[in-house]
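Hi everyone, thanks for having me. I'd like to walk you through one protein today, so please have a look at the picture before we start.

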Amino acid sequence: MGDTNIFMLIGQATIVVKIVLGMLALMSIISWTIMFNKWLTLSSAKKRASKGINAFQDAKSLREAVQAVGTDASSPLFFVAQQGVDEYTRLRDNVNSSTVIADNVQRSLEQGVTMQSASLSGALPFLATCANSAPFIGLFGTVWGIMHAFQTIGQMKSAALAAVAPGISEALVATAIGLAVAIPAGIGYNMFLGKLQDIEVQLNSFSGVFLNRVQRELHTQRPKRTTGEG
């Protein structure tokens, strides 16, 4: 019965209020779609990153470690590792300074972490926008509806509750729906932001492990280069 009354109120609302409600409905559909996709994406990314870090640490050499990470292109570690490997390969045979190579690889890994985090955080600003703007959009619909209700009262020349209540009820529906859009979007944004921060910690941890591997690799190769030069 309550649902029927709500639909009746929406049907009786002014065209402006209906447009506002349509906007809120569209925002709600998009935000719920984003939240569903983000839940799957970030949950999968966190599990794959954890698995990839373990495989990377268990490998015996940098080559085997990179191959272990490279088998899972869906892992957030894949792109970060690719940045580090590309820089290491580019400098390994052209630069004699291990310090320069390690520093460049570190910057490449940091850039990879930043770009991967930005990719994973895509669409989250829309949730924040919904959480911040939906109540005000709904409030606009409410104010407009109440203005229309008072105009109706003036035309009817009656301030009876029976004359006032329908128009005000129609207007308040917009505020209620605005809150219904904003609250889940706000909760989703904060929840996914926390998940994203956890993944960033994993990526930074992986970068440290990767850099340590590179430095060990350079250290073991240095005596061979010295012997060859002598």
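How many salt bridges does the count come to? It comes to three, where a salt bridge is a side-chain nitrogen of Lys or Arg within 4 Å of a carboxyl oxygen of Asp or Glu.

Before we visit them, a word on the model. It is predicted, so local features need pLDDT of at least 70 and side-chain atom pairs count only at pLDDT 80 or more, while totals for chains, interfaces and linings use all residues. Residues are numbered from 1 along each chain as its sequence is written, and side-chain values use heavy atoms, with hydrogens and water left out.

Now the overall layout. Of the 230 residues, 38% are buried. Buried means under 20% relative accessible area, exposed means over 50%, and partly exposed is in between, using a 1.4 Å probe and protein chains only.

Back to the salt bridges. Asp-198 pairs with Lys-46, and their closest N and O atoms are 3.4 Å apart. Asp-198 sits in helix H7 and Lys-46 in helix H2, so this pair ties together parts that are 152 residues apart in sequence. Asp-198 is partly exposed at 36%, and Lys-46 is partly exposed at 33%.

Next, Arg-48 and Asp-72 meet at 2.7 Å, N to O. Arg-48 is in helix H2 and Asp-72 is in the loop between helix H3 (62-70) and H4, so the pair links parts 24 residues apart in sequence.

Then there is Arg-90 with Glu-87, with the closest N and O atoms 2.4 Å apart. They are three residues apart in helix H4, so about one helical turn separates them. Is Glu-87 buried or exposed? Glu-87 is buried, with a relative accessible area of 12%, whereas Arg-90 is partly exposed at 48%. Leaving aside residues up to four places away in sequence, Glu-87 touches Asn-104, Val-105 and Ser-108, where contact means heavy atoms within 4.5 Å.

Let's move on to the rings. There are four aromatic pairs. In one of them, the rings of Phe-56 and Phe-210 have centres 5.6 Å apart and planes at 25°, so the pair is stacked. Here is the rule: rings of Phe, Tyr and Trp (its six-membered ring) pair if their centres lie within 6.5 Å, and planes under 30 degrees apart count as stacked, over 60 as edge-to-face and the rest as tilted. Both Phe-56 and Phe-210 are buried, and together with Phe-206 they form one aromatic cluster.

Charges also sit over rings. Arg-213 lies over the face of Phe-56, at 5.9 Å from the ring centre, and Lys-195 lies over the face of Trp-39, at 4.6 Å. To count, NZ of Lys or CZ of Arg must be within 6 Å of the ring centre and within 35 degrees of the ring normal.

One last stop, in a loop. Gly-122 lies between helix H5 (98-120) and H6. Gly-122 and Lys-38 are 84 residues apart in sequence and 9.1 Å apart in space, C-alpha to C-alpha.

Note on methods
Helix = DSSP H or I, 4+ residues; strand = E, 2+ residues; numbered from the N terminus.
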